[in-house]
Amino acid sequence: MSIPPIEYLPDATVDALLDEDLRKLLCLCFTKPCDAVFKERRYFHEPPSHRWLMRDEAAMAIAHIAVHEKYVVVDNAKYPIGGIAEVCVHPDHRGNGYAKQILAAIDVWLLSQRVEYAVLFGNPKIYASSGYHQVTNLFHDAVDSEGKPYFESSKAMVKPLTNQNWFTSEAYLPGLAF
Ligand SMILES: CC(C)(COP(=O)(O)OP(=O)(O)OC[C@H]1O[C@@H](n2cnc3c(N)ncnc32)[C@H](O)[C@@H]1OP(=O)(O)O)[C@@H](O)C(=O)NCCC(=O)NCCS
């Protein structure tokens, strides 16, 4: 089978049909109890601005990655980042490099938007070959089980998209992880 084309679409252009299709794919791919949110909506905490898709011959979504427009604060300066989320491929289409190919397309787009870093929270085994590496100096907002806010230093993965390395100072990402 030929490789399906990669489509970019702003989230604002997602219609009711595609919304349902995306939620189906998200529910199929993300099965932890907390992922039940995808039954009702096509995002986890907050809607992403951008989406990339592959579809099958019947135009059903089979691969998907969302991108949030975010920034980090480092030494009092703001730097835009692409927040990669909801990376998923239909079980029948896994192992074909689709996730990797979409990530590569997103790199090109982010650079065209002058965004120099992609950031995600995920399994290093999936993303290392796409050029992501783990960092320990990224902090973001979080809420504990009693609803109390705190700063969390999750194991984020980053990918510098230019020859500029990731920051050595602490990087604060306002908001929850994506
Ligand atoms: C993870 C997922 C997106 C991979 O999609 P895919 O199109 O099969 O991935 P690719 O073929 O592009 O593979 C990219 C890399 O991830 C690795 N990989 C794929 N699935 C993996 C898994 N379940 N565990 C560990 N590594 C995995 C591949 O071996 C490849 O690494 P390599 O280049 O070093 O060989 C897909 O299995 C999926 O939707 N899983 C359920 C949702 C999920 O877990 N999403 C990721 C959240 S962090």
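How do the residues of the shell around the ligand divide into nonpolar, polar and charged?

1. The shell comprises nine nonpolar, six polar and three charged residues; here Ala, Val, Leu, Ile, Met, Phe, Trp, Tyr, Cys and Pro count as nonpolar, Asp, Glu, Lys and Arg as charged, and the others, Gly among them, as polar.

2. This is a predicted model, in which local features need pLDDT of at least 70 and side-chain atom pairs count only at pLDDT 80 or more, while totals for chains, interfaces and linings use all residues. Residues are numbered from 1 along each chain as its sequence is written, and side-chain values use heavy atoms, with hydrogens and water left out.

3. The ligand is surrounded by 18 residues (a heavy atom within 4 Å), the closest being V87, V89, G95, K100 and S129.

4. Polar contacts are pairs of N or O atoms within 3.5 Å. Ligand oxygen atoms lie 2.7 Å from a backbone N or O atom of G95, 2.8 Å from one of G97, and 3.3 Å from a side-chain N or O atom of R94. Of the 900 Å² of accessible area that the ligand has on its own, the protein covers 67% (Shrake-Rupley method, 1.4 Å probe).

5. Seven salt bridges are counted (a side-chain nitrogen of Lys or Arg within 4 Å of a carboxyl oxygen of Asp or Glu). One of them joins D11 and R42 at 2.9 Å, N to O. The two residues are 31 residues apart, with D11 in the loop between β1 (7-10) and α1 (16-29) and R42 in the loop between α1 and β2 (50-55); helices (H or I, at least four residues) and strands (E, at least two) are DSSP runs, numbered from the N terminus.

Notes: A polar contact is a pair of N or O atoms within 3.5 Å; within protein, one must be able to donate a hydrogen and the other to accept it, and residues adjacent in sequence count only if both atoms are side-chain atoms.
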